[in-house]
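Subject: Structure handover

Hello,

The structure you asked about is below. My notes on it follow.

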Amino acid sequence: YVEAYVLLAIILLLVLVEQSLRLIDAKHTLELRVTERTRQLAEREASHRQLTRLLDLAPDVIFVREANGAISYWNKGAEHLFGPGDRKVIEPRLQSVYEAAIALDREGGLRGAGLWVGELPTTRPDGSKVALHASLSLTPDDQGGQSRVLFIATDITVRQALEANLLSVQRGEAVGTLASG
């Protein structure tokens with residue numbers, strides 16, 4: 001009986017060693033996967049930070065409105081035009097600009113073709129009027145559905161003023177030409 005118990009003990013010990021080796025191998029594999037995933041996430045985060053810095057260099061107003069209505073991103077150009085980056089201050093202003101653009105989309109281009117482009121009059125926090133050339137684009141979410149809206153707008157107030165001045169000068173010249181016969 002002693003030999004049988006010793007043999008059984010050896011077999012049990014071998015099974016325990018084999019299971020321990022499998023656990024060690026699984027732990028090592030898991031650690032490698034975690035390390036790789038951590039590296040991938042760090043690269044993705046660095047890429048996201050770099051993209052954010054680039055978008056902040058743009059003087060244009062750029063923001064993203066999620067399907068639930070939340071503004072998930074805005075750049076420094078949006079802060080420059082609509083106020084400081086405090087969410088409580090800027091988000092209602094960006095929502096207002098978005099709603100104004102949607103109101104101008106009478107033909108449903110955003111919902112139909114996924115794009116609306118047009119001129120959008122709005123007001124700065126100080127009450128001054130500003131004209132924007134705006135583009136709203138539906139962008140796919142992670143599942144491929146169209147749930148986000150990318151809003152990009154350029155301040156064209158100065159350009160419009162220059163065009164109005166040029167038109168006024170041209171009219172004056174035309175009147176002068178007609179008067180001089």
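Glu18 is partly exposed, as its relative accessible area is 41%. This value, like every other in this message, comes from a predicted model. The partner of Glu18 is Arg22: their side chains meet in a salt bridge, with 2.4 Å from N to O. Both residues belong to helix 1 and lie four residues apart, about one turn of the helix. Arg22 has a relative accessible area of 55%, so this residue is exposed, the cut-off for exposed being over 50%.

Other salt bridges

The search of the whole structure gave twelve salt bridges. Apart from the pair above, these are the ones to look at.

- Glu45 and Arg49: the closest N and O atoms of this salt bridge are 2.8 Å apart. The two residues are four apart in helix 1, and so about one helical turn separates them. Arg49 is partly exposed, at a relative accessible area of 41%.
- Glu91 and Arg87: here too there is a salt bridge, and its closest N and O atoms are 2.8 Å apart. Glu91 and Arg87 are in helix 3, four residues apart, which puts about one helical turn between them. Glu91 counts as buried because its relative accessibility is 15%, and buried means under 20%. Arg87, at 39%, counts as partly exposed.
- Glu36, Arg39 and Glu43: salt bridges link these three residues in a network. Arg39 is in helix 1 and is partly exposed, with a relative accessible area of 39%.

Helix 3

Helix 3 covers residues 87–104, which is 18 residues. From its first C-alpha to its last, the helix reaches 25 Å, close to the 26 Å expected at 1.5 Å a residue. Which of its residues are buried? They are Ile90, Glu91, Leu94, Gln95, Val97, Tyr98 and Ala101. Looking down the axis of helix 3, these buried residues fall within an arc of 165°, and therefore they line one face of the helix. Lys88 and Ala103, on the other side of helix 3, are exposed. Arg93 is also part of helix 3; at 30% relative accessibility, Arg93 counts as partly exposed.

The start of the chain

Tyr1, Tyr5, Leu8 and Leu12 make a nonpolar surface patch of about 570 Å². Of these, Tyr1 sits in the segment before helix 1, the helix that spans residues 2–57. Tyr1 has a relative accessibility of 84% and so counts as exposed. Ile11 is found in helix 1 and, at 45% relative accessibility, counts as partly exposed.

Some distances

- Glu79 and Ile62 are 17 residues apart along the chain, and their C-alpha atoms are separated by 9.6 Å. Glu79 lies in helix 2, residues 76–82, and counts as partly exposed at 21% relative accessibility.
- Arg93 and Trp116 are 23 residues apart along the chain, with 20 Å between their C-alpha atoms.
- Ile11 and Asp25 are 14 residues apart along the chain, with 21 Å between their C-alpha atoms.
- Arg39 and Lys129 are 90 residues apart in sequence, and 47 Å apart in space from C-alpha to C-alpha.

Confidence

For the chain, the average pLDDT is 89, and 98% of the residues score at least 70. Where pLDDT is low, the predicted coordinates should not be read in detail.

Regards

Terms used. Residues numbered from 1 in each chain as written. Predicted model: local features only at pLDDT ≥ 70, side-chain atom pairs only at ≥ 80, totals over all residues. Heavy atoms only, no water. Expected span 1.5 Å × (residues − 1). Buried < 20%, exposed > 50% of the residue type's maximum accessible area, 1.4 Å probe, protein only. Arc of directions from axis to C-beta. Patch = residues over 30% accessible without salt bridge, like charges linked within 9 Å, V, L, I, M, F, W, Y side chains within 5 Å. Areas by Shrake-Rupley, 256 points an atom, 1.4 Å probe, with all protein chains shown as cover. Salt bridge = Lys/Arg side-chain N within 4 Å of Asp/Glu carboxyl O. pLDDT = per-residue confidence, 0-100.
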